[in-house]
Amino acid sequence: LQMDGRGRRLLYKTAMFTGLRRQELELLRVWHLDLDHQPYPLLRLPGDSTKNKDDAVLLLVPELAEEIRAWIA
């Protein structure tokens, strides 16, 4: 249950910091993340995962990227 709670908290935090919609978050996959990009980590969503069907590149807050990295591990 703690892992479920951690994942849910991270999901809501990601939604808050990125502005992604529920459907976009559901389609989000690990390979969409570039957590080592400098100066800021990136999230790249292909057009088939976005509401307006355009590719999206979002900068991630470094602290959020580190939480995502830890969750993936």
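Visitor: What makes strand 1 and strand 2 a pair in this model?

Guide: In this predicted model, strand 1 and strand 2 run antiparallel and are joined by 2 bridges. Pairing requires at least two bridges, so strand 1 and strand 2, with 2 bridges, qualify. Leu33 has Leu43 as its bridge partner in strand 2.

Visitor: How do you know that strand 2 and strand 3 pair?

Guide: Strand 2 and strand 3 (residues 56-59) share 4 bridges in the antiparallel sense. Since at least two are required, the pairing holds for these strands. Leu45 has Ala56 as its bridge partner in strand 3.

Visitor: Why is His32 called buried?

Guide: The relative accessibility of His32 is 9%. Buried means under 20%, so His32 counts as buried. His32 lies in the loop between helix 2 and strand 1. Beyond residues up to four places away in sequence, His32 touches Leu27, Leu42, Leu43, Arg44, Leu45 and Pro46.

Visitor: What does Leu28 touch, and where is its place?

Guide: Leu28 is also in the loop between helix 2 (22-27) and strand 1 (33-34). With residues up to four places away in sequence not counted, Leu28 touches Leu43 and Leu45.

Visitor: Which residues make up the largest nonpolar core?

Guide: The core has 11 residues in all: Leu10, Leu20, Leu25, Leu33, Leu35, Leu43, Leu45, Leu60, Leu64, Ala65 and Ile68. Strand 2 (42-45) and helix 3 each supply at least two residues of this core. Helix 3 gives the largest share, 3 residues.

Visitor: How do you know that the buried residues of helix 3 line one face of the helix?

Guide: In helix 3 (residues 62-72), the buried residues are Leu64, Ala65 and Ile68. Viewed down the axis of helix 3, they fall within an arc of 100°, and therefore they line one face of the helix. Leu10 is in contact with Leu64, Glu67, Ile68 and Trp71, its neighbours within four places in sequence being left aside.

Visitor: Why is the pairing of Glu67 with Arg9 called a salt bridge?

Guide: The side chains of Glu67 and Arg9 meet at 3.0 Å, N to O. The limit is 4 Å, so the pair of Glu67 and Arg9 meets the criterion. This pair links distant parts of the chain, with Glu67 in helix 3 and Arg9 in helix 1, 58 residues apart. Arg9 has a relative accessible area of 46%, and is therefore partly exposed.

Visitor: Why is Arg22 called exposed?

Guide: Arg22 has a relative accessible area of 65%. Exposed means over 50%, so Arg22 is exposed. Arg22 forms a salt bridge with Glu26, the closest N and O atoms being 3.0 Å apart. Both residues lie in helix 2, 4 residues apart, about one turn of the helix. Glu26 is partly exposed, with a relative accessible area of 40%.

Visitor: What is the confidence in the protein?

Guide: The average pLDDT of the protein is 91, and 96% of the residues score at least 70. Among the elements, strand 1 has the highest mean pLDDT (96) and helix 1 (residues 2-18) the lowest (86).

How values were computed. Residues numbered from 1 in each chain as written. Predicted model: local features only at pLDDT ≥ 70, side-chain atom pairs only at ≥ 80, totals over all residues. Heavy atoms only, no water. Contact = heavy atoms within 4.5 Å. pLDDT = per-residue confidence, 0-100. Buried < 20%, exposed > 50% of the residue type's maximum accessible area, 1.4 Å probe, protein only. Arc of directions from axis to C-beta. Core = buried A, V, L, I, M, F, W, Y, C linked by side-chain atoms within 4.5 Å.
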